[in-house]
Amino acid sequence: MTRKVPGPADPRDEILEHLQGMRAFAMSLTRNSAAADDLVQDTIVKAWKNFGSFQQGTNMRAWLFTILRNTFYSAKRKSNREVEDVDGVFAATLSVKPSHDGRLAMKDFEKAFALLPLEQREALILIGASELTYEEAAETCGVAIGTIKSRVNRGRAKLVELLDMSNDEPMELTDNATVAVITAGLSVRKNIA
Amino acid sequence: MDNSNRRSRLERQIDENLRKVYHNEEEDAPVPDRFLDLLAQLKEQDIAGDTENDA
């Protein structure tokens, strides 16, 4: 079967380059692989149909993330099924036990990250993983730059607290296999009960 | 090492771990067919629309 992929002259082809980044961001929001891919699909359709609103020369990743985020929150408002934990009250009631050897196990990191409030997760993903600037992340989330910085700082601080990293041992992901496991885990993990 | 330095180092490591997790996913995971199909479908719809407009 011959697959038709958009030709190289079409500026919309760049969407493909950001697809996996969109999936990662969607995963951080939905914490469900099926929902994340549905969200990415909706985002692609909207981006394609509204491509005229994209300003050439600006960061397409940030533009796509904005559409994705707006789509997510719009659907969330409609369904209103997920209980917000903006203040981290739920997260504050839980803790993650550190690994015996002081190294950060991927499972620990995954659990701790999932406990963060949604707004902190998305800020950390946008800045820490997707390498958007603070300005781009702020525009994506529709908040002030200072707000993004605050969310990132609070998210990092909360992770340090949750992981109880009170010693000087290095914290690092153990190996590629473990990375693969947690990446897959991010795909299926639901809210920690 | 004082607490602020240690905290700063840990926070940097958190960012590195986040990048490692998501970089890994971006590098290794193939693009699912559903998205390639969707993009091809959207392109075809555009072409069909242009053809209708030209007619």
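Why does Ile125(A) count as buried? In this predicted model, local features need pLDDT of at least 70 and side-chain atom pairs count only at pLDDT 80 or more, whereas totals for chains, interfaces and linings use all residues. Residues are numbered from 1 along each chain as its sequence is written, and chains are lettered from A and ligands numbered from 1 in the order in which they are written.

Ile125(A) counts as buried because 25 C-beta neighbours lie inside 10 Å; a residue is termed buried if 20 or more other C-beta atoms lie within 10 Å of its own, exposed if 12 or fewer, and partly exposed in between, with C-beta atoms placed from the backbone. The residue is located in helix α7 of chain A, residues 118–129, where helices (H or I, at least four residues) and strands (E, at least two) are DSSP runs numbered from the N terminus. Apart from neighbours within four places in sequence, Ile125(A) is in contact with Ala24(A), Phe25(A), Ser28(A), Ser130(A) and Leu18(B), contact being defined by C-beta atoms, placed from the backbone, within 7 Å. Leu29(A), 96 residues away in sequence, lies 9.6 Å from Ile125(A) in space, C-alpha to C-alpha.

Chain A comprises 10 helices and 0 strands, and 40% of its 193 residues are buried. Of the contacts in chain A with a separation of 6 or more, 71% join residues 24 or more positions apart. Chain B contains 2 helices and 0 strands, and 15% of its 55 residues count as buried.

Beyond four places in sequence, Ala137(A) contacts Ala123(A), Leu126(A), Ile127(A), Leu132(A) and Ile148(A).

Helix α4(A) has 20 residues and reaches 28 Å from its first C-alpha to its last, close to the expected 28 Å, a span defined as 1.5 Å times one less than the number of residues. Its buried residues include Trp63(A), Leu64(A), Phe65(A), Leu68(A) and Phe72(A), as well as Arg61(A) and Arg69(A). The buried residues of α4(A) pack against α1, α2, α3, α7 and α8 of chain A.

Methods
Two residues are in contact if their C-beta atoms, placed from the backbone, lie within 7 Å.
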